[in-house]
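Subject: Handover of a structure and findings

Dear colleague,

Please find the structure below, followed by an account of what was found in it. I would be grateful if you could read the two side by side.

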Amino acid sequence: MLSNLLRSIRDHRLGIVVLTALAPAIWGSTYLVTTELLPPGRPLLAAVLRALPAGLLLVAVTRRLPRGIWWWRALLLGALNIGVFFALLFVAAYRLPGGVAATVGAVQPLLAAGLSAALLGDRLSARTVVAGTAGVAGVSLLVLRSEARLDAVGVAAALGGALVMATGVVLAKRWASPAPLLATTGWQLVAGGLLLLPVALLVEGPPPAGLTAVNLGGYAYLSLIGAAVAYALWFRGIRELPPTAVSFLGLLSPVVATLLGVIVAGERLNALQLTGGAVVLAALVAAQRRRPGPRPTAGPIPGTAHDSAAGPPPDTAQNREPDHAHDRLRSSRPGGTQDRERGAVPRT
């Protein structure tokens, strides 16, 4: 009975949105775990130990490796979604107050909407722009402080982090992998962790000696829950939902981080912060609403197996037969039809 209930939730769009929202909610606990359980001054080490062990575990469990073009795609997606993003986040966190970094990072849904329009043919609606602007305003009311200072390098790093993450989300939607979700998640975590490893060793040196059980527990939480579970939910949401709608869910991270500060650290919220939280939630709800009317279907995305540049298939009896297996591998979305990419691991 419970399994049927969970399957019904997964199959329902609202259920998919809720499950995807769990990922940024989990990421909202990262600051608390880092400050309370991990050794100080080692954010890059935390990023490596968050990504690499989780990725290796998922690859070992699924026993799948990329093939063909998915070697470089997994590397690029892992760099955008994890490796480069974490590095820029590290720079922004060190050079900016947390509230400023979170406010600048809140532009990610607007960037994702623009990239979706450019790369996927999605329509950039006025509602999306208004919701994205409201999201930035809400986050600023929630976490920004009057004494906050600005730093050009820090702001550039925060903007860069938002841009690479938005690009990673859109490209992950465009390049729909036929491999199992956990395998694709593992590839990206391994790629991102391997890119971060030499940077962490160069900037922070080797791991500190004498890590306590509390430290190890914090790293285990970040790796198993904050990476393996959260990124699997996140990438599943990217497969099932429009990338702009997924990006808006990322605004939950500062909301959850603020709530945990109230619950655990006894912080108090003022009227402006409560207003900001309400504005963020309203923007999230507005961004998840479906557009009315039929969804247009355009030609295939360039570079896929059915790109028009490759020429039409021969007019043979075999090609005229309905190919139900092929149809199941196609997914429509506004502005285009995404085929399963060539050269990836076949589903078994």
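Six aromatic pairs are counted, where rings of Phe, Tyr and Trp (its six-membered ring) pair if their centres lie within 6.5 Å, with planes under 30 degrees apart called stacked, over 60 edge-to-face and the rest tilted. One of them is the tilted pair of Trp70 and Trp187, with 6.3 Å from centre to centre and 50 degrees between the planes. This pair links distant parts of the chain, since Trp70 belongs to helix α5 (residues 70-95) and Trp187 to helix α10 (residues 181-204), 117 residues apart. Helices (H or I, at least four residues) are DSSP runs numbered from the N terminus, as are strands (E, at least two). Both Trp70 and Trp187 are buried; buried means under 20% relative accessible area, exposed over 50%, and partly exposed in between (1.4 Å probe, protein chains only).

Phe85 and Phe86 form another tilted pair, at 5.9 Å centre to centre and 45 degrees between the planes. Phe85 counts as buried because its relative accessibility is 15%, and Phe86 is buried with a relative accessible area of 6%. Ring pairs also join Trp27, Tyr231, Trp234 and Phe235 into a cluster.

The model is predicted: local features need pLDDT of at least 70, side-chain atom pairs count only at pLDDT 80 or more, and totals for chains, interfaces and linings use all residues. Residues are numbered from 1 along each chain as its sequence is written, and side-chain values use heavy atoms, with hydrogens and water left out.

Helices α4 (43-62) and α11 (213-240) each give two or more residues to the patch, and α11 gives the most, with three. Val61, in helix α4, counts as exposed because its relative accessibility is 56%.

Which residue has a positive phi although it is not a glycine? It is Arg63, with a phi of about 55 degrees. Most residues other than glycine have a negative phi. Arg63 lies in the loop between α4 and α5 and is exposed, with a relative accessible area of 74%.

Ala46, in helix α4, is buried at 7% relative accessible area; Ala46 and Ser223 are 177 residues apart in sequence and 9.0 Å apart in space, C-alpha to C-alpha. Leu249, in helix α12 (residues 243-249), is buried at 4% relative accessibility; Leu249 and Ala23 are 226 residues apart in sequence and 8.7 Å apart in space, C-alpha to C-alpha.

Yours sincerely
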